[in-house]
Amino acid sequence: MPEAVDAVEMRAALAGLRRTSGLPVAFGGLLSDARHARIAELTGAQTSALRGLVVSAGSGLGGKAIALSRPCAVTDYAASRHISHEYDTPVAAEGLRSVVAVPVVVRRTVRGVLYGALRTPVSLGDRTFDAAVAAARDVEQALAVRDEVRQLLALTREQVTDPGKAPGAWEDVREAHRELRGLVPRVLDPALRDELLGVCGRLASAAGARAPAARAVRLAPREVDVVACVAAGATNAAAARQLGLRPETVKGYLRSAMRKLGAHTRLEAVVAARRAGLLP
């Protein structure tokens, strides 16, 4: 189920929402199909009444946010005339009154919903709305990265299992390797991060098997990332933008990698890294 797979990102976003907004309760979940979201993650809850609740598009506050694809809020959930009341029982069991719901939208498609709530009926201000929207954006970015990772993994698995590709195909492998390495730091899920690194390693090993034997070299992950960007023709500034680093930091990683590889130029570093099986 998507909720289990993406629990790390959702949990982190909800914790951030509570921290930045001051709301005592936050919960949410991803859509299992086009119209239904299941509440899978809760923080600050005093009961289990909301856990596992399936919210339908158009129903309740979260369902309204899903249907309209925009944030919605109520000052007093049970008394509100602007939402339907299918979920009053679990909401009352948790004692929630003021609630905000924000849809998680990726490429114009609603993928989930986040809630923040108080147990007192007060009007929620701009600071609270901004915090809820920011939390949803964090999940959106994480899901977008995950989608990109999955697409790249699907494209590269064939290359990993077939290292005898024509020479021209290796340029595609190298580009995929560089993109995958660039995504690794943005992936919170440790299992998916390990899978990414495993595929990168197999790509590099498959290409390294085609090259002359070279001395064993160990580079730090960020050193590999920088050399991969250099191999694609990126300047230090461009590599910094791709990796979310400062240009000075990139320069330091590159200098360290070149020393370990015994290289005197950027080109020599790339060639040595490929011969060592660190890059495809």
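**Exercise 1. Serine 69 and arginine 107**

Classify the exposure of serine 69 in this predicted model, then examine its phi and that of arginine 107.

*Solution.*
- Step 1: The relative accessibility of serine 69 is 36%. Buried would need a value under 20% and exposed one over 50%, so serine 69 counts as partly exposed.
- Step 2: Now place serine 69 in the chain: it sits in the loop between α3 (60-68) and β5 (72-74).
- Step 3: Its phi is near 55 degrees, a positive value although the residue is not glycine. For context, most residues other than glycine have a negative phi.
- Step 4: Turn to arginine 107, with phi near 50 degrees, again positive in a residue other than glycine. Arginine 107 belongs to the loop between β6 (99-106) and β7 (109-117). With a relative accessible area of 59%, arginine 107 is exposed.

**Exercise 2. The surroundings of serine 21**

Work out whether serine 21 is buried or exposed, and find what its side chain reaches.

*Solution.*
- Step 1: Serine 21 is part of helix α2 (residues 7-21).
- Step 2: A relative accessible area of 7% falls under the 20% cut-off, so serine 21 is buried.
- Step 3: Look for polar partners. The backbone oxygen of leucine 17 lies 2.6 Å from the side chain of serine 21. A polar atom of that side chain is also 3.1 Å from the backbone nitrogen of leucine 23.
- Step 4: Leaving out residues up to four places away in sequence, serine 21 touches Arg127, Thr128 and Ala131.

**Exercise 3. An aromatic pair**

How many aromatic pairs are there, by ring centres within 6.5 Å?

*Solution.*
- Step 1: The count is one aromatic pair.
- Step 2: Phenylalanine 27 and tyrosine 115 have ring centres 4.4 Å apart and planes at 15 degrees, so they are stacked.
- Step 3: Phenylalanine 27 is in strand β1 (residues 25-30) and tyrosine 115 in strand β7, so the pair ties together parts 88 residues apart in sequence.
- Step 4: Both phenylalanine 27 and tyrosine 115 are buried.

**Exercise 4. Two packed helices**

Describe how α8 (residues 221-231) packs against α10 (residues 247-261).

*Solution.*
- Step 1: The axes of α8 and α10 are 9 Å apart and meet at an angle of about 95 degrees.
- Step 2: Since 65 to 115 degrees counts as roughly perpendicular, α8 is roughly perpendicular to α10.
- Step 3: Helix α8 contributes Arg222, Glu223, Val226, Val227 and Val230, while α10 brings Val250, Tyr253, Leu254, Ser256, Ala257 and Lys260.
- Step 4: Sorted by type, the contact residues are seven nonpolar, one polar and three charged.

Methods
Residues are numbered from 1 along each chain as its sequence is written. This is a predicted model: local features need pLDDT of at least 70, side-chain atom pairs count only at pLDDT 80 or more; totals for chains, interfaces and linings use all residues. Side-chain values use heavy atoms; hydrogens and water are left out. Helices (H or I, at least four residues) and strands (E, at least two) are DSSP runs, numbered from the N terminus. Buried means under 20% relative accessible area, exposed over 50%, partly exposed in between (1.4 Å probe, protein chains only). A polar contact is a pair of N or O atoms within 3.5 Å; within protein, one must be able to donate a hydrogen and the other to accept it, and residues adjacent in sequence count only if both atoms are side-chain atoms. Contact means heavy atoms within 4.5 Å. Axes are lines fitted to C-alpha atoms, for helices over the stretch in contact, and angles run from 0 to 180 degrees between N-to-C directions. Angles under 35 degrees count as roughly parallel, over 145 as roughly antiparallel, 65 to 115 as roughly perpendicular and the rest as oblique. Ala, Val, Leu, Ile, Met, Phe, Trp, Tyr, Cys and Pro count as nonpolar, Asp, Glu, Lys and Arg as charged, and the others, Gly among them, as polar. Rings of Phe, Tyr and Trp (its six-membered ring) pair if their centres lie within 6.5 Å; planes under 30 degrees apart count as stacked, over 60 as edge-to-face and the rest as tilted.
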